[in-house]
Structures are given as C-alpha cells and as structure tokens.
Amino acid sequence: MTSEKTDGEGSAAGGAGSGDGVGKAVGWAAVEEAVPEFAERVRKRFGAYQHHVLATLRKDGAPRLTGLEADFRYGELWLGMMVGSRKALDLRRDPRFSLHANPGPGTDPAGGDVRVSGRAVEVTDAEVVARYAAAVRPPEPFHLFRAELTEVVRTYVEDPCLVLESWVPGRPLRTIRRTSDDAALQVE
C-alpha cells in the first residue's frame with residue numbers, strides 16, 4: 001500500500017490511488033480543503049470530548065476497541081498512544097482503523113454521530129515527534145501516528161429523517177436521508 005506523504009505542516013505531496021483520486025488516503029488538511037463546512041462540523045464534534053473510541057484489528061483479525069485521545073494539529077489528525085500498547089502494536093501490524101467520536105451523555109449526541117476511517121502511519125521523524133511533544137506534552141515515551149483518511153461519516157437526526165453525510169477522497173460529499181417508513185433511500 002502506498003500512501004500520501006506530508007511535509008509535517010499538513011500539505012499533501014504526492015499520493016496514491018486511481019487517477020480520479022477515489023480510494024486514496026488523505027491527511028486532514030485535504031478533508032478541510034475538499035469539504036470545509038463538513039470538516040468543521042466533524043472536527044467540532046470530536047472537540048466536544050477528549051476521549052474517543054479507536055477500532056483496530058488484532059493479530060487474529062478480530063476487532064479491538066480502545067479509548068484514545070485524538071488531536072487535530074498542523075493540518076493532521078494525530079493518534080498518540082503508550083509505547084507497547086496493544087493498539088499501537090495492532091496499527092504497526094495492520095494500519096487500518098476507525099475512530100468514533102465520543103457520543104457523550106444521554107441519547108441525543110449533539111452535533112451528530114461522527115467517525116473517521118483510514119490508515120494510521122507511524123511518525124518516526126524525530127523533529128516532527130519533538131514538535132508534537134512540545135505542543136501537546138504527552139507522557140513520554142509514546143507512539144505517534146498520523147491518520148490518512150479514506151472515509152469521514154456524520155450521522156444525525158433532522159426530524160423526521162435520519163441523515164447520513166459521507167465523504168471519501170475524490171468524491172463529493174454524499175447525503176442520504178431516510179425515515180423508518182422509507183422503502184428506498186433518498187440520496188442527494
């Protein structure tokens with residue numbers, strides 16, 4: 001698998017995937033550039049709480065869910081974790097992940113239900129790690145991963161509909177509205 005590289009400030013250089021950009025993984029800055037209002041809603045939803053739920057794949061292929069603090073900084077979505085943690089080892093073996101925003105208290109998550117999926121790329125550049133550590137001050141030592149996103153999804157209720165907004169690199173934002181009485185989806 002090839003992946004998009006960044007210069008540490010979040011600007012994309014290069015990339016992989018089909019010629020139309022569909023299927024490639026991108027950094028957070030590319031999401032903000034492609035769908036700025038949607039990206040703002042997603043980032044705001046993640047910012048509502050500090051801890052979120054990370055899904056990785058165990059060695060046997062089974063899913064593993066763990067808590068994680070996600071950080072948007074320098075045009076990227078960063079995933080930091082303890083050295084030797086199971087989630088870090090999972091991502092080193094298989095970089096695929098999903099990150100679900102903390103739904104918060106109650107039954108009505110303000111701002112909707114949000115998740116991002118993609119690949120986590122471990123950051124080993126000492127300067128980038130040091131800059132991140134100076135800004136965030138995580139317990140050291142730590143593993144630092146940069147998220148390369150393949151999908152961003154937001155689901156919310158707009159009475160009487162359930163609304164699903166979905167974005168993948170190379171495609172426009174897709175919105176689906178449906179009610180429990182709908183026989184077919186209404187795709188915008």
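Visitor: How many aromatic pairs does a search of the whole structure find?

Guide: Four aromatic pairs turn up in that search. Bear in mind that this is a predicted model.

Visitor: Why is the pair of Trp 28 and Phe 72 called edge-to-face?

Guide: Their ring centres lie 4.8 Å apart, and the planes meet at 65°.

Visitor: What makes the pair of Trp 78 and Tyr 132 tilted?

Guide: Here the planes stand at 45° and the centres are 5.6 Å apart. An angle under 30 degrees would be stacked and one over 60 edge-to-face, with the rest tilted, so the pair of Trp 78 and Tyr 132 is tilted. Trp 78 belongs to strand 5 (residues 76-82) and Tyr 132 to helix 4 (residues 126-136), so the pair ties together parts that are 54 residues apart in sequence.

Visitor: How do you know whether Trp 78 is buried or exposed?

Guide: Its relative accessible area is 2%. Buried means under 20%, so Trp 78 is buried. Tyr 132, with a relative accessible area of 5%, is buried by that cut-off too.

Visitor: Which residues form one aromatic cluster?

Guide: Trp 28, Phe 46 and Phe 72 do. Phe 46 brings us to helix 2, where Phe 38, Ala 39, Val 42, Arg 45 and Phe 46 are buried.

Visitor: Why do you say the buried residues of helix 2 line one face?

Guide: Looking down the axis of helix 2, you find its buried residues within an arc of 125°, so they line one face of the helix. The face turned away from that buried side carries the exposed residues Glu 37, Glu 40, Lys 44 and Gly 47. As a general point, an α-helix has 3.6 residues a turn, so residues three or four places apart point the same way.

Visitor: How does the reach of helix 2 compare with what is expected?

Guide: Helix 2 (residues 36-47) has twelve residues and reaches 16 Å from its first C-alpha to its last, close to the 16 Å expected at 1.5 Å a residue.

Visitor: Which residues of helix 3 are buried, and why are they said to line one face?

Guide: In helix 3 (residues 86-93), the buried residues are Lys 87, Ala 88, Asp 90 and Leu 91. Viewed down the axis of helix 3, they fall within an arc of 160°, so they line one face of the helix. Their cover includes strand 3 (51-57), strand 7 (113-122) and strand 8 (142-158).

Visitor: What makes Arg 93 partly exposed?

Guide: Arg 93, in helix 3, has 37% relative accessibility. Partly exposed runs between the 20% limit for buried and the 50% limit for exposed, so Arg 93 counts as partly exposed. Leaving aside residues up to four places away in sequence, Arg 93 touches Leu 57, Arg 58 and Lys 59.

Visitor: Where is the mean pLDDT lowest and where is it highest among the elements?

Guide: Strand 1 (residues 5-6) has the lowest, 34, and strand 6 (residues 96-100) the highest, 98. Over residues 1-18 the pLDDT is below 50. For the protein, the mean pLDDT is 87.

Notes. Residues numbered from 1 in each chain as written. Predicted model: local features only at pLDDT ≥ 70, side-chain atom pairs only at ≥ 80, totals over all residues. Heavy atoms only, no water. pLDDT = per-residue confidence, 0-100. Helix = DSSP H or I, 4+ residues; strand = E, 2+ residues; numbered from the N terminus. Contact = heavy atoms within 4.5 Å. Expected span 1.5 Å × (residues − 1). Buried < 20%, exposed > 50% of the residue type's maximum accessible area, 1.4 Å probe, protein only. Arc of directions from axis to C-beta. Phe/Tyr/Trp six-rings, centres within 6.5 Å; stacked < 30°, edge-to-face > 60°.
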